[in-house]
Amino acid sequence: MFHGIKVLLDDYVLIEKSDTFVIAYTPDSREPAAWIALALRQRGFEAQIVAMRPLTDAGFRERLEQALPDTAGLPGRLVVLTLERDTMSHFNVFENVLHTYGPDRTMIVRIISASQEFFTKSLNVTPTELSALNASLLHRIQPAKRIRVKSPGGTDLTIEIDSEKFQWVSNRGMWRPGGFTILPAGEIATYPARVDGVLVADGAFNANVITPLNAKLMDHPARVTIENSTAVDLTCADPALEEMFRLCLDSPYGRNVGELGLGTNHGIDAFIPANSHINERRCGVHLGFGQHNQSLSRVPYVADVHLDLITNGALVWVDDDPEPIDLNHVVPSGVPHPIDALDEDITGDCCGLGYGELRGLGLADEACPVPGRLARVPR
């Protein structure tokens, strides 16, 4: 765990002696926040600590402003670290911090799935390595018209790609002025133009739903039949999981395939039981049902639910190339990272949907869904 904290500070934050630190955390992430604060203290930094409630907290903006340093007396960068387990909250508040202190002087690192596993599994690969891996995959797949995906568990998908119309997201953990660094990192994703076939999710699931269910699917894979980018059938041997998955699919726009994602973080050596973005970053293919990762001008619907179903590894054939890509063994090719790929896959308050809310979504008018707590739409 302490190695992961070191990697976070040295390789992701790129800590400097003149940095000023503020740590904001939700109650479920108090311990991880304390670990980082202690590590900073051991390096001579006394971070300001601010508690926040997830998603709705009327007094948080004022508490945060009281903890922030004076702009005139700031010696170097302002580094804000936010830690949450099931949510990503107060996007507009933190965006205002960027504007106040300036994009070149402010680094905001937003951690979701804060936990011991975040430090022990998701930080074993540096952002430089992830950037090289993502660049190599994008170089092969971004120009493609079609890919074929197969997995040892039985996945067999034909996926049409339209990179001229739909943007790619490359989550690699690298800071850029004016943006948030979203962690855990290690994924490329887009909106697929069309998907047909069978997805066998034998890895894990990750949903924007708070659930105590074990997210690992090895012993009871979810099998989804997809026709023209719509889930037409789903089965799972675990009754509780099948019920949750069906509730997600039966919500407004929930059967739409809104995302094709490829995990690239080979440092994550196993799926974890928690409903977590850590699972989504592990090497494999996932399809996200419901909300998409595009602007509304490109994909004109908003869904409250986003359900990622993840394979345990996968082979990807690109157009007519007979040699597949093994996502467990991607070798960086040294090509530069595309400048047109988006860095962020979450750009607003995200996740934290309760079971009661999930059940109620099925009663909503599908023609007029109410935009809720999921905001994965790039600006």
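**Close-up 1. Aspartate 238 caps the N-terminal end of helix H7.** In this predicted model, a side-chain oxygen of aspartate 238 lies 3.0 Å from the backbone nitrogen of alanine 240. Helix H7 covers residues 239-249. Its buried residues are Leu241, Met244, Phe245, Leu247, Cys248 and Leu249.

**Close-up 2. Serine 251 sits in the loop between H7 and strand E15.** Strand E15 spans 257-263. Is serine 251 buried or exposed? Its relative accessible area is 4%, so serine 251 is buried, the cut-off being under 20%. A polar atom of the serine 251 side chain lies 2.6 Å from the backbone oxygen of cysteine 248. Cysteine 248 is itself one of the buried residues of H7. With neighbours up to four places away in sequence left aside, serine 251 is in contact with Val305 and Leu361.

**Close-up 3. Aspartate 343 makes polar contacts with two arginines.** Aspartate 343 lies in the loop that links strand E19 (325-326) to strand E20 (350-351). It counts as buried because its relative accessibility is 17%, and the limit is under 20%. Which side chains does the side chain of aspartate 343 meet in polar contacts? One is that of arginine 176, at 2.7 Å. Another is that of arginine 172, at 3.5 Å. Beyond four places in sequence, the residues in contact with aspartate 343 are Val169, Ser170, Asn171, Arg172 and Arg176.

**Close-up 4. Leucine 81 is buried in strand E3.** Strand E3 runs over residues 78-83. The relative accessible area of leucine 81 is 0%, so the residue counts as buried. Which residues does leucine 81 touch, not counting those up to four places away in sequence? They are Val13, Phe21, Val22, Ile23, Ala24, Ile36 and Val109. Methionine 218 is 137 residues from leucine 81 along the chain. The C-alpha atoms of these two residues are separated by 34 Å.

**Close-up 5. Helices H1 and H2 cross at roughly 65°.** H1 is formed by residues 2-12 and H2 by residues 30-42. Their axes come within 11 Å. The angle makes H1 roughly perpendicular to H2, because that class takes in 65 to 115 degrees. The crossing is right-handed. H1 contributes Ile5, Leu8 and Leu9 to the contact. H2 contributes Trp35, Ile36, Ala39 and Leu40. By class, the contact has seven nonpolar, no polar and no charged residues.

**Close-up 6. Helices H3 and H4 cross at roughly 30°.** H3 spans residues 60-67, and H4 spans residues 91-101. Their axes come within 10 Å. On the H3 side, Phe60, Arg61 and Leu64 make the contact. On the H4 side, Asn92, Val93, Phe94, Asn96 and Val97 take part. By class, five of these residues are nonpolar, two are polar and one is charged.

Key. Residues numbered from 1 in each chain as written. Predicted model: local features only at pLDDT ≥ 70, side-chain atom pairs only at ≥ 80, totals over all residues. Heavy atoms only, no water. Axes fitted to C-alpha atoms, helices over the stretch in contact; angles between N-to-C directions. Helix = DSSP H or I, 4+ residues; strand = E, 2+ residues; numbered from the N terminus. Contact = heavy atoms within 4.5 Å. Nonpolar A, V, L, I, M, F, W, Y, C, P; charged D, E, K, R; others polar. Buried < 20%, exposed > 50% of the residue type's maximum accessible area, 1.4 Å probe, protein only. Polar contact = N/O pair within 3.5 Å; in protein donor to acceptor, adjacent residues only side chain to side chain. Parallel < 35°, antiparallel > 145°, perpendicular 65-115°, else oblique. Left-handed = near helix turned anticlockwise from the far one by under 90°.
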